Amino acid sequence: MGEETEGLADGLSKYNDEIMALTGVSILKEGTTNEYKDLYDIFYELSQIWDTLSDTAQSRVSEILGGTRQLSVTSSLINNFSDAEGALTDALESSGTALASNEVYMDTIEAVCFLPLCIEICKLGHI
């Protein structure tokens, strides 16, 4: 790729210092100077204090994380992060619901009769 990476760690540290000064939230993994936290964790931590920040601080943090072109998108993601948390929770909980529904179906006469038939058809190569 040929991209220059010299000074990259210094840049990460600089941005982390600026975000820390504005928010008190570190974007780097604890004990490291060149390894980011997961984006989910960063956005979660920022969302917890987002409403307490000034508009200027919110704008600068959004610019650091998302760049100039994605400033409003990044700000909106952090501002509405509780929606993302809700979606994740729903997805995790719904997997248990689907499994339970499948177990109920597997106990029905339809499943007991239909599945072996499907298996035999597949073995014969008709599907």
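**Salt bridges and helix faces**

Colleague: How accessible is E35?

Modeller: E35 has 36% relative accessibility, so E35 counts as partly exposed. That label sits between buried, under 20% relative accessible area, and exposed, over 50% (1.4 Å probe, protein chains only). Bear in mind that this is a predicted model, where local features need pLDDT of at least 70 and side-chain atom pairs 80 or more, while totals for chains, interfaces and linings use all residues. Numbering runs from 1 along each chain as its sequence is written, and side-chain values use heavy atoms, leaving out hydrogens and water.

Colleague: Fine. Which residue does E35 pair with in a salt bridge?

Modeller: That's K29, and the closest N and O atoms of the pair are 3.2 Å apart. The cut-off is a side-chain nitrogen of Lys or Arg within 4 Å of a carboxyl oxygen of Asp or Glu. K29 is partly exposed too, with a relative accessible area of 34%.

Colleague: How many salt bridges turn up in the whole structure?

Modeller: The search finds 4. One of them joins the side chains of R60 and E18, at 2.6 Å from N to O. R60 belongs to helix α3 and E18 to helix α1 (residues 8-23), so this pair ties together parts that are 42 residues apart in sequence. Helices here are DSSP runs of H or I with at least four residues, strands are E runs of at least two, and both are numbered from the N terminus.

Colleague: What else does R60 bridge to?

Modeller: E63, with the closest N and O atoms 3.3 Å apart. Both lie in α3, 3 residues apart, which is about one turn of the helix. E63 is partly exposed, at 29% relative accessible area. Through shared partners, salt bridges join E18, R60 and E63 into one network.

Colleague: While we're on α3, which of its residues are buried?

Modeller: A57, Q58, V61, S62 and I64. They cover an arc of only 160 degrees around the axis, so they sit on the same side of α3. The arc is taken from the directions from the helix axis to the C-beta atoms. D55 and T56, on the other side of α3, are exposed.

Colleague: What does S62 touch?

Modeller: Leaving out residues up to four places away in sequence, S62 touches W50, G67, L71, T74 and S75, where a contact means heavy atoms within 4.5 Å. S62 is buried, with 0% relative accessible area.

Colleague: How does the span of α3 compare with what its 12 residues should give?

Modeller: It agrees: at 1.5 Å a residue α3 should span 16 Å, and its end C-alpha atoms are 16 Å apart. The expected figure is 1.5 Å times one less than the number of residues. Just after α3, G67 takes a positive phi of about 85 degrees.

Colleague: Last bit, the chain as a whole. How many helices and strands?

Modeller: 6 helices and 0 strands, so the pattern along the sequence reads α-α-α-α-α-α. Of the chain's 127 residues, 20% count as buried. The chain exposes about 9,200 Å², with carbon and sulfur atoms supplying 55% of that; areas come from the Shrake-Rupley method with a 1.4 Å probe, and for residues only the protein chains shown count as cover.

Colleague: What share of the contacts between residues at least 6 apart joins residues at least 24 apart?

Modeller: That share is 43%.
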